[in-house]
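Hi,

Here is the structure I promised to pass on. Have a look first, and my notes on what turned up follow below.

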Amino acid sequence: MSALDPNLKPPSGHLVATDATPCSCGHRHDHAHAQPGAPPIPAGTLISARGVAMKRGDREVLSNVDLDVLPGEIVTLIGPNGAGKTTLVRLLLGIEAPSQGTIVKPASTRIGYVPQRFDVDSTIPMTVGSFLALGAAAKQREIKSALEETGASRTLDQQLSKLSGGETQRVLIARALLRRPNLLILDEPASGVDFSGEADLYDLIDRLRAKHRLGVLLISHDLHVVMARSDRVICLNGHVCCSGKPEDVSQHESYARIFGPLAATKLGVYRHHHDHRHDLTGEAKPLGGASLPDREA
Amino acid sequence: MQSWPDPFVWRAFFAALGLAIVAAPLGCVVVWRRMSYVGETLSQAGLLGVALGLAASVDLTLAVILAAIVAAAVLTLLQRQSTVPLDSALGLMHHATLALGIAAISLVKGPGIDLMSYLFGDVFAVTRTDLVWIYTGGVAVLAAMVFLWKPLVRLSLHEDLATAEGINPRLPRALFDLLLAVVIAVAMKIVGVLLVMAFLVVPAVAARPLSTTPERMAVLAAAVAILGVILGLWLSLSTDVPGGPSIVIALCTIAAISLLAASRTAR
């Protein structure tokens, strides 16, 4: 159905260049860095990244990131603070261009974006209604039904800067829906929302996904409810550490090493194996040991 | 009020009125984007423009507009770099332009050039040519603002969201800086370099508590500015205080009342 051939390959010129570059992670991987072997873009993808890297000054914020979001699936991007999650989202949204690699976005993909921080400056007067009208050419009736759908009808005439965290998220989701997206990208939607509100919020996202057959890319650093509902979880820490299906709580041994033992005691995680952990600086360390014995190995 | 006021009073009134209306929506955007320091720098670059205009015997309004546009371009470049924090760079440029402007005017100063009139403005010295500048320029600026309004509001609300939704963040910003430079250059004559930003910012600050949407804030800011002009000119005529400071005093009084009233109802 897509106007563009979904199997299209990213321009090869972008990809080959990294081949000779040594891995910047400085540790052993269970995944390959070699670019020419980058996985093919799956049919019907809503958005894909291949070999994406981003430098800020001398610092490599992201390196060799591959990612796909398919229709109807929830992909959760997790990683500690400073892992490059928001940078990756900015690249996917086209706000910035990657310093290496490609973002593939078929012409049929329409993104609804829910940003992480939305502390509306109180110097700007804005009702929820006029805020929603600003993002898309929407009729008053459509605005009302979008707010109903996200459970925020009561806020229609309220000032944006006076909303609670949960209300703000619902309003932002309503605004994204008005753009009739097939891909919803939410950056830390649960930040500023209390625990029970968080569960409700994920319920909402799940419902919308089913109803509109949305692909969903969720960014999170906290893992409570996210994991249970995700079809796929990608663990990011500058590079893709691991990715896979969410799994039993009992399988989280290695996962705890990134996010700390506390997180692991209450959370369900997925089965995959790490061959490294990250210390406070994000530096890769082997499991159990204090430092890597041989980085070049 | 024994008879009709003198023509110079009418010219002052219409000049200030026209500027008040044009400056209001720009002042709102300046407040939202927290760029009053930027405006200060532009207006002081205008002072440098006066000096250069005098030296080169070019039309002064034109020279001021050009100087402000050059300063706006420099500021746009400053915003794109990250080696020097923007606030520090502005602080430097702000004071450098003011000092250089005053120095340059003192050097080229000929007969009939009064530094004070540039620093504080002289609303009662407005000429017919000035009025033509204000009203033709004003219509052009307002037309451009209508065109830029939605992108500017969206970028002020959340730049990443607006950009992700397909708004090019650079173009509206650069055009706005240009419009701001023009308005400041013209308003400088009336309220002076030192007070020109008050003319833009204070009405917007006064209008904020009374507004529920950005558009209403712009309209109310214009209303506040008009009221401030009337009260200020009346104050100036009846007390011999210069026109520019009088208008700013009136505007600040209105803003203080508005903010006080807002903080009371919020309680």
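Predicted model: local features only at pLDDT ≥ 70, side-chain atom pairs only at ≥ 80, totals over all residues.

A quick term before the notes: "contact" here means heavy atoms within 4.5 Å. By that rule, 26 residues of chain A are in contact with 20 residues of chain B.

Residues are numbered from 1 along each chain as its sequence is written, chains are lettered from A and ligands numbered from 1 in the order written, and side-chain values use heavy atoms, with hydrogens and water left out.

Now the interface. Chains A and B bury about 2000 Å² between them, 61% of it on carbon and sulfur atoms; buried area is the accessible area (1.4 Å probe) that two parts lose on being put together, summed over both. On the chain A side, Ile124(A), Pro125(A) and Leu134(A) lose the most area to chain B, together 29% of what that side buries.

There are also three salt bridges across the interface of chain A and chain B, taking a salt bridge as a side-chain nitrogen of Lys or Arg within 4 Å of a carboxyl oxygen of Asp or Glu. Glu165(B) and Arg175(A) meet through their side chains in a salt bridge, at 2.4 Å, N to O.

As for confidence, chain B averages a pLDDT of 87, and 96% of its residues score at least 70.

Cheers

Terms used:
pLDDT = per-residue confidence, 0-100.
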